[in-house]
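Here is a short briefing for a first look at this structure.

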Amino acid sequence: MRMGRIEFRYFMGFLDTQEKWINEMAANGWRLVKTSTLFYEFEPCEPGSYEYRVEFVGALSYGKIRDYKDFLSGLGYKVLTKNLNLNMSFGKVRWRPFGRGSGQIVTSPGGYNKEILIIEKKADGESFDVHSNYDDLIAYYQSIRGMYITLLSIVVALWALRFLASIGSIPYAVLAVAMVLLLIPIVLYSRRISMYKRLGMTNE
């Protein structure tokens with residue numbers, strides 16, 4: 001009998017890449033049973049018996065995340081939480097600038113380091129769509145893009161302070177790389193949003 005396995009991975013904000021990897025593990029006979037900051041723990045299973053969706057919920061308040069998890073569990077799905085960032089703090093209040101409303105203030109324990117839900121469904125041949133229509137998909141991807149836009153705005157502000165007022169010590173090269181890395185998902189998610197808007201108009 002195969003033993004369980006632990007994988008070291010960090011996907012930053014590349015949710016599609018994370019989802020694809022977890023599904024590939026399941027296709028090869030590994031069921032995800034536990035996550036931590038940098039690790040994924042798997043147990044053996046029948047290959048292809050489970051499938052997964054990775055969902056960003058970082059813009060929601062802790063209460064709404066909890067309600068959403070309860071809703072998904074009520075549908076028969078297993079739900080695991082995962083961090084988007086690498087902050088290791090515990091018991092501190094944090095401001096999450098890309099959150100909506102009360103979702104901007106998070107604590108650990110609480111909604112901090114639980115910005116991602118990994119949703120598991122037993123493969124039964126039925127569709128596994130977390131979002132039911134184009135409007136839901138557009139709003140969802142707008143929330144992800146909004147996170148990157150907010151982070152890009154912060155990096156641009158740091159660049160401006162460094163350049164105009166000589167405030168800060170972060171090298172220009174680091175700021176430039178950060179801007180490029182943030183621009184890439186902004187462009188990708190903008191294209192995806194435009195695609196679903198076109199599809200929504202076509203199917204009206």
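L15 touches V54, F56, L84, I116, Y140, I144 and Y189, leaving out residues up to four places away in sequence. The model is predicted. In its largest nonpolar core, L15, I118 and I144 have the most contacts.

**Nonpolar cores**
- The largest nonpolar core has 36 residues.
- Two or more core residues come from each of α1 (15-27), β2 (30-35), β3 (39-44), β4 (50-56), β8, α3 (134-164) and α4 (172-202).
- Helix α3 gives the largest share, nine residues.
- Another core, of nine residues, lies apart from this one; Y68, L72, V79 and I119 are among its members.
- In soluble globular proteins, nonpolar side chains tend to be buried together.

**Cavity**
- The whole structure holds one cavity of 30 Å³ or more.
- The volume of the largest cavity is about 40 Å³.
- R9, Y10, F11, M12, Q18, Y40, K82, N83 and I116 line the largest cavity.
- This lining has five nonpolar, two polar and two charged residues.

**K121**
- K121 sits in strand β8 (residues 116-122).
- Is K121 buried or exposed? K121 counts as buried because its relative accessibility is 7%, and buried means under 20%.
- The side chains of K121 and D124 are joined by a polar contact of 2.4 Å.
- The K121 side chain also reaches the backbone oxygen of E126, at 3.4 Å.
- Beyond its neighbours within four places in sequence, K121 is in contact with S49, Y50, E51, Y77, E126, S127 and F128.

Definitions and conventions. Residues numbered from 1 in each chain as written. Predicted model: local features only at pLDDT ≥ 70, side-chain atom pairs only at ≥ 80, totals over all residues. Heavy atoms only, no water. 1 Å grid on protein atoms, 1.4 Å probe; cavity = no way out; pocket = protein on both sides within 12 Å on 5 of 7 lines; lining within 4 Å. Points joined across faces, edges and corners; volume = space filled by probe spheres on them. Nonpolar A, V, L, I, M, F, W, Y, C, P; charged D, E, K, R; others polar. Helix = DSSP H or I, 4+ residues; strand = E, 2+ residues; numbered from the N terminus. Buried < 20%, exposed > 50% of the residue type's maximum accessible area, 1.4 Å probe, protein only. Polar contact = N/O pair within 3.5 Å; in protein donor to acceptor, adjacent residues only side chain to side chain. Contact = heavy atoms within 4.5 Å. Core = buried A, V, L, I, M, F, W, Y, C linked by side-chain atoms within 4.5 Å.
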